[in-house]
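Please look at the sequence and structure first.

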Amino acid sequence: MPELIAPPTKETTEAQYPKVLKPLIDPVIDNLLKHSPEKLVELVNQHGSPLNLVWPHAFEANVQALQSVLKRHDVDYAIFYGAKANKSQCLLTAASASGIGTDVSSLFELQAALRAGTPAEHLCATGPAKTAAFHQVLLQGGSLICVDSLEEIGHLKALLDTSQPPAKARILLRYRPTSCPASRFGMGAKDLFQCLQHLVEQRESFHFEGFHFHLGGYGYETRVQAFREVTGFIDAAREMGLDPVMIDIGGGLPMRYVDPQDYNSFLQNDNNPGHYQNRRVPDSFYPYGSNLTVCQWLDLFLESDHSPGKTIAGYLKSQNIKLALEPGRSLVDQAAISVFRVTRTKQIADNKVVIFAEGSSFSACETWFSSEYLVDPILITSKESQPVPMQAYIAGHSCLDDDVITHRLINFDTTPQTGDLLIYANTAGYQMDLLENEFHRHPLPQRLMVTCCTDGNYAFTPDY
Ligand SMILES: Cc1ncc(COP(=O)(O)O)c(C=O)c1O
């Protein structure tokens with residue numbers, strides 16, 4: 001009888017990086033993946049799958065990068081972290097530690113930001129549907145309120161008239177730029193002028209600080225145009241005897257998940273129906289391979305012409321106007337990774353392979369927006385496996401047909417095995433646990449804050 005020779009076994013756990021949409025990764029995080037992948041296996045065994053690891057050092061570096069551009073242009077500025085991007089408490093703490101404010105869109109975000117140590121005066125409240133309870137706390141704390149409508153200013157006035165102790169509302173008026181006339185957010189010129197008239201008449205109730213807008217999309221050009229439009233209202237407000245001091249251009253600053261060249265090559269070569277298990281290419285994607293970094297974007301915005309011979313930076317300085325920004329996604333760039341354990345890989349009809357992950361599409365939510373997360377996962381594997389390249393799509397653990405994490409067929413150098421890990425990098429911005437729930441009574445995934453103690457050593461702490 002021939003002797004059975006066991007195939008070679010891998011002795012160590014290793015990280016296998018994808019080749020098509022390879023994630024850009026912060027070096028500190030990459031160091032953990034490359035040099036201590038077994039630590040991730042241990043953490044998932046301890047805390048369950050999926051597991052979200054949150055990295056405040058990345059957030060703080062992002063703040064510093066934006067600040068360095070603003071300082072270079074010598075403009076007065078305020079940064080409010082758009083807290084809606086992520087539910088992590090430690091990122092709110094990182095905002096507070098960085099000395100920036102927070103943009104809150106609910107009473108609960110406000111309470112969390114206060115708990116993180118941000119003073120109430122450094123909070124800015126956005127959103128069109130603030131409740132009376134939310135308004136009340138904003139008024140008492142002296143937070144900035146972005147007023148979305150004539151109706152909202154009426155509600156604020158009614159609250160102020162009965163407020164005990166008496167309060168004064170610090171407000172920005174939200175402008176609806178001409179590029180989005182049908183938007184439900186903000187006010188057009190007519191309502192804005194009516195608000196300004198109220199403000200002139202009700203100086204005892206309101207402290208008017210300026211204007212705000214927020215646009216969809218990620219182009220700096222649309223912000224330049226909206227900014228120019230707003231400066232007309234600055235002039236008008238001043239002529240009416242008011243003293244606006246701030247223009248808040250909202251969020252929507254871009255971030256880069258993958259190299260732009262890789263991204264363009266993917267769009268050209270690897271994005272046909274045949275690259276998706278459901279043979280359907282989504283209509284739109286976030287621009288994962290943004291041509292501009294966030295700093296280049298901000299530079300271009302500040303260097304753009306406001307008027308002949310005057311840049312936006314020049315306008316801000318000459319008119320003593322503070323530029324406010326509300327970045328959400330771009331401040332949490334690299335601030336989290338999501339770790340999914342593989343339950344099993346299964347061969348199905350039409351020669352397709354599906355990987356079942358312990359977690360769901362609610363834990364990585366782009367498919368719920370009829371889109372896809374165009375960043376390939378990193379495979380952490382310690383099982384014996386021959387390097388046989390294969391393709392698979394990734395499904396969650398529920399029995400819903402729609403519970404698919406990625407319909408896209410992902411290339412792997414080896415077939416993922418039970419117990420292996422799939423690491424999705426850069427999930428802090430609106431990915432991660434945004435839509436998370438307890439479907440099938442699975443407990444909510446845990447978040448751990450990761451801090452670097454000494455080189456190559458990490459501390460993992462529950463992130464409440
Ligand atoms: C008013 C406002 N500010 C800021 C943001 C944050 O945007 P982003 O995360 O794209 O920077 C949003 C997002 O919807 C918003 O509505």
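Lysine 84 touches Ser105 and Gly328, leaving aside residues up to four places away in sequence; contact means C-beta atoms, placed from the backbone, within 7 Å. The model is predicted: local features need pLDDT of at least 70, side-chain atom pairs count only at pLDDT 80 or more, and totals for chains, interfaces and linings use all residues. Residues are numbered from 1 along each chain as its sequence is written.

**Lysine 84**
- The UniProt record, an unreviewed entry, annotates Lys84 as "modified residue: N6-(pyridoxal phosphate)lysine"; UniProt positions follow the numbering used here, feature names are shortened, and annotations may be inferred rather than shown by experiment.
- Lysine 84 sits in the loop between β3 (77-82) and α4 (89-97); helices (H or I, at least four residues) and strands (E, at least two) are DSSP runs numbered from the N terminus.

**Domains**
- The assignment gives domain 1 (14-55 + 334-462) and domain 2 (56-255 + 290-329), with bounds from an automatic or database domain assignment.
- In domain 1, 15 residues are in contact with 13 residues of domain 2.
- Strand β19 (residues 446-452) supplies 4 residues, the largest share of the side of domain 1 that touches domain 2.

**Whole chain**
- The chain has 12 helices and 20 strands.
- Of its 464 residues, 44% count as buried.

Methods:
Contact = placed C-beta atoms within 7 Å. Buried ≥ 20, exposed ≤ 12 C-beta atoms within 10 Å, placed from the backbone.
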